[in-house]
Amino acid sequence: MDYHTLLARLGEGSAHPGGFQATKELIGQISFPGGTKVLEVGCGTGRTACYLASLGCNVTAIDRNEDMIQKAIYRAKISNFPVRIVQADAASMPFPDEMFDAVFTESVTAFTQGSSAIREYWRVLKPKGVLYDRELAFSIQLTTVQKKKLQSFYGLHHLRTVPEWLKLMSKSSFHKYSATHFSQMKQLVSDNDPLRVIDHELFTKPDVVAMMMKNERLMSNFSNVMGSVVITAWKA
């Protein structure tokens, strides 16, 4: 079992830096007009997609993990929100060019190779469309040993500082872009997700429990240098 399947089986809806509270704050700052065609990339169990739909957005959501997709479909059905949910990879999306007003994604680009996902974000956006991307970032450049620890467990491809994220964006086709300052990982407040579906049998499996404990150790060991950045990019 890899890390993403573990999250799916645990029904985790907001594993990215800052959790769901940070998601709501960012969406509140954006203030999408009603009817905005939003593509959420890496929707997980569908929590953010349903929240966007509750605000009046026209939402399409994708994730490459089948377990995540099934839980997202369940959440949307129970919530009675008309979210279109598609199993797809951020680096190769099954949508025509210039389809969406906005792309919203959190801690997804870091798991893609090269700049493939960024090219896809640009491709599916309409002219003057906007990308909102909250990404995992580091306050310092990591050593090779540190990178290997995180890459092997989480499957990360990008372990970047804010300037390194901006350098990657500079090579994209986006007309202009900006980034917030680095925000250090915060201790998450208690977060009640009433529609979370947990596969409780996981807690009876020693190898899975060991994975959970390793995740806790890594989060603790890197907490002083790990955080996030919000990248906003505009298509001409």
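Buried means under 20% relative accessible area and exposed over 50%, with partly exposed in between (1.4 Å probe, protein chains only). The legends below concern a predicted model, in which local features need pLDDT of at least 70 and side-chain atom pairs count only at pLDDT 80 or more, while totals for chains, interfaces and linings use all residues. Residues are numbered from 1 along each chain as its sequence is written, and side-chain values use heavy atoms, with hydrogens and water left out.

**View 1. Asp-89 and Arg-64 form a salt bridge.**
A salt bridge is a side-chain nitrogen of Lys or Arg within 4 Å of a carboxyl oxygen of Asp or Glu. In this pair the closest N and O atoms are 3.6 Å apart. The bridge links distant parts of the chain: Asp-89 is in the loop between β3 (84–87) and β4 (100–106), and Arg-64 is in the loop between β2 (58–63) and α4, 25 residues apart. Helices (H or I, at least four residues) and strands (E, at least two) are DSSP runs, numbered from the N terminus. Asp-89 has 27% relative accessibility and therefore counts as partly exposed. Arg-64 is partly exposed as well, because its relative accessible area is 45%.

**View 2. Arg-9, Lys-71, Asp-199 and Glu-201 are linked in a network of salt bridges.**
Arg-9 pairs with Glu-201, and their closest N and O atoms are 3.3 Å apart. Arg-9 lies in helix α1 (residues 3–10) and Glu-201 in the loop between β7 (183–184) and α8 (206–221), so this bridge ties together parts that are 192 residues apart in sequence. Arg-9 is buried at a relative accessible area of 16%, whereas Glu-201 is partly exposed at 45%. Asp-199 forms a salt bridge with Lys-71, with 3.4 Å between the closest N and O atoms. This pair also links distant parts of the chain, with Asp-199 in the loop between β7 and α8 and Lys-71 in helix α4, 128 residues apart. Asp-199 is partly exposed, with a relative accessible area of 22%, and Lys-71 is buried, with 14%. By the rule used here, the structure has 10 salt bridges.

**View 3. Thr-45 sits in the loop between β1 (37–41) and α3 (47–54).**
The relative accessible area of Thr-45 is 3%, so this residue is buried. Contact means heavy atoms within 4.5 Å. Leaving aside residues up to four places away in sequence, Thr-45 touches Gly-11, Glu-12, Gly-13, Met-68, Lys-71, Ala-72 and Arg-75.

**View 4. The largest nonpolar core has 51 residues.**
A nonpolar core is a set of buried Ala, Val, Leu, Ile, Met, Phe, Trp, Tyr and Cys residues joined through side-chain atoms within 4.5 Å. The residues with the most contacts inside this core are Leu-39, Val-41, Phe-95, Tyr-121 and Leu-150. Leu-39 touches Thr-60, Ile-62, Met-93, Phe-95, Phe-100, Ala-102, Val-103, Phe-104 and Val-124, again not counting residues up to four places away in sequence. A second, separate core holds 23 residues, including Cys-57, Ile-69, Tyr-132 and Val-230.

**View 5. Tyr-74, Ile-78 and Val-197 form a nonpolar patch on the surface.**
Patches are made of residues with over 30% relative accessible area and no salt bridge; like charges are joined within 9 Å and nonpolar side chains (Val, Leu, Ile, Met, Phe, Trp, Tyr) within 5 Å. Together the three residues have about 250 Å² of accessible area, a quantity from the Shrake-Rupley method with a 1.4 Å probe, for which only the protein chains shown count as cover for residues. Ile-78 is found in helix α4 (residues 66–79). At 47% relative accessibility, Ile-78 counts as partly exposed.

A disulfide is counted here as a pair of cysteine sulfur atoms within 2.5 Å. The sulfur of Cys-43 is 9.0 Å from the closest cysteine sulfur, that of Cys-50, which is too far for a bond. Cys-43 is buried at 4% relative accessibility. For Cys-57 the nearest cysteine sulfur is also that of Cys-50, 12 Å away. Cys-57 is buried, with a relative accessible area of 9%.

**View 6. Val-209 is found in helix α8.**
Val-209 is partly exposed, with a relative accessible area of 28%. Not counting residues up to four places away in sequence, Val-209 touches Leu-202 and Phe-203. Val-209 and Ser-170 are 39 residues apart in sequence and 41 Å apart in space, C-alpha to C-alpha.
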